[in-house]
Amino acid sequence: MTDGQNDLRAIARSLYELPPSQFTAARNEAASEASKNPALRALAPMLKRLPRASPTAWAVTALARDDAELFDRLLDLGRRQREAQTALDPVEMRSLGADRQRLVADASSRARELAVREGVVLSGSALIEVGQTLQAAMTDEDAAAAVRGGLLVRGLTVSGWEPVALAGAEALPADGVLDAVGRTTGRARSRRANASEAATEAAARERKQAEDLAWQAVDDVAVARARVAEVDEALDGLAERRTELEAERAEIEEQLRGVEADLAEVYHETQLANREKKSADRDHVRAARRAKQAQEKLDGLG
């Protein structure tokens with residue numbers, strides 16, 4: 001790139017760091033200042049034509065800039081998913097797919113926090129687009145580079161493992177700049193010349209992806225059947241254990257009924273013994289009284 005192109009991109013990146021609500025005024029001011037500077041005067045028309053970023057694009061760019069560690073984790077997971085896809089490893093793909101859902105959700109939540117901090121409103125649909133854009137960056141290295149470039153102006157979408165459509169996604173083409181009337185220059189023209197070849201390759205990739213998905217579905221069925229068999233075996237074991245426990249409970253209940261009967265008998269016998277004791281105590285008192293009276297009468301007779 002020329003010095004002028006580098007200057008244009010640097011100024012543009014600084015503008016796209018601002019919340020979208022502040023962009024237009026800052027862009028116009030930057031264009032005005034450039035028109036007064038002989039070294040930057042040629043850039044003024046191009047600066048004036050820079051489009052405002054959507055809330056989705058701003059939030060994703062902010063995430064890549066302000067939480068680079070989290071964004072790097074997303075890209076690393078995307079790389080591992082591509083490797084698993086190439087290796088046709090369905091088990092690894094399922095495991096990484098679950099990780100992908102969790103990490104994209106965490107990153108989307110973090111992007112929303114950054115937006116709230118700067119007063120940028122993300123609607124429900126915009127938040128969904130944030131997740132889609134993050135997944136596009138994980139799937140396609142060019143899409144990841146576009147996010148990191150700091151010039152994203154719209155959200156990205158991805159279909160399977162196809163290359164992400166980046167036309168119009170960046171304020172400035174990756175391999176060129178905009179001239180005064182907004183035309184692309186540099187290697188951007190060559191990309192259009194290769195569109196037909198890319199479409200053919202895309203169709204071949206789509207067919208391969210369909211075949212891979214078909215084989216993955218067959219593998220999923222086998223895994224599901226094995227899992228059903230495991231669960232059936234576990235249920236059989238639980239049913240057998242339940243039968244054993246119910247038998248133990250019946251035996252314990254029978255023993256308890258016997259103990260309760262023995263306890264009732266002991267209680268009854270205790271009541272009878274208490275009555276007999278009271279009767280014996282009364283007989284003892286009467287006998288003692290008679291003995292005392294007899295002794296007193298004997299003493300009186302001298």
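Analyst: Start with E244. Its relative accessibility is 37%, so E244 counts as partly exposed. This is a predicted model. Which residue forms a salt bridge with E244? The partner is R241, and the closest N and O atoms are 3.3 Å apart. R241 is partly exposed too, at 41% relative accessibility. Both residues belong to helix α10. They are three residues apart, which means about one helical turn separates them.

Helix α10 covers residues 195-300. R286 has a relative accessible area of 37% and is partly exposed. D283, at 38%, is partly exposed as well.

Helix α10 also holds V231. With a relative accessibility of 34%, V231 is partly exposed. V231, L235 and L238 make a nonpolar surface patch of about 270 Å².

Now move to helix α5, residues 68-86. Its residues R80 and D76 are four residues apart, so about one helical turn lies between them. Their side chains meet in a salt bridge at 3.4 Å, N to O. R80 is partly exposed at 33%, and D76 is partly exposed at 32%.

Salt bridges can also link up. R65, D66, R117 and E118 form a network of them. In total, the structure holds 17 salt bridges.

For contrast, turn to a buried residue. T56 lies in helix α4, residues 55-66. Its relative accessible area is 1%; buried means under 20%, so T56 is buried. What does the side chain of T56 reach? It reaches the backbone oxygen of A126, at 3.2 Å. Leaving out residues up to four places away in sequence, T56 touches L122, A126, E129, V130, T133 and G155.

Aromatic rings give another buried example. The whole structure has one aromatic pair. The ring centres of Y16 and F23 are 4.8 Å apart and their planes meet at 20 degrees, so this pair is stacked. Y16 and F23 are both buried.

Of its 302 residues, 30% are buried. The chain exposes about 19,300 Å², and carbon and sulfur atoms supply 54% of that area.

Note on methods: Residues numbered from 1 in each chain as written. Predicted model: local features only at pLDDT ≥ 70, side-chain atom pairs only at ≥ 80, totals over all residues. Heavy atoms only, no water. Buried < 20%, exposed > 50% of the residue type's maximum accessible area, 1.4 Å probe, protein only. Areas by Shrake-Rupley, 256 points an atom, 1.4 Å probe, with all protein chains shown as cover. Phe/Tyr/Trp six-rings, centres within 6.5 Å; stacked < 30°, edge-to-face > 60°. Helix = DSSP H or I, 4+ residues; strand = E, 2+ residues; numbered from the N terminus. Polar contact = N/O pair within 3.5 Å; in protein donor to acceptor, adjacent residues only side chain to side chain. Contact = heavy atoms within 4.5 Å. Patch = residues over 30% accessible without salt bridge, like charges linked within 9 Å, V, L, I, M, F, W, Y side chains within 5 Å. Salt bridge = Lys/Arg side-chain N within 4 Å of Asp/Glu carboxyl O.
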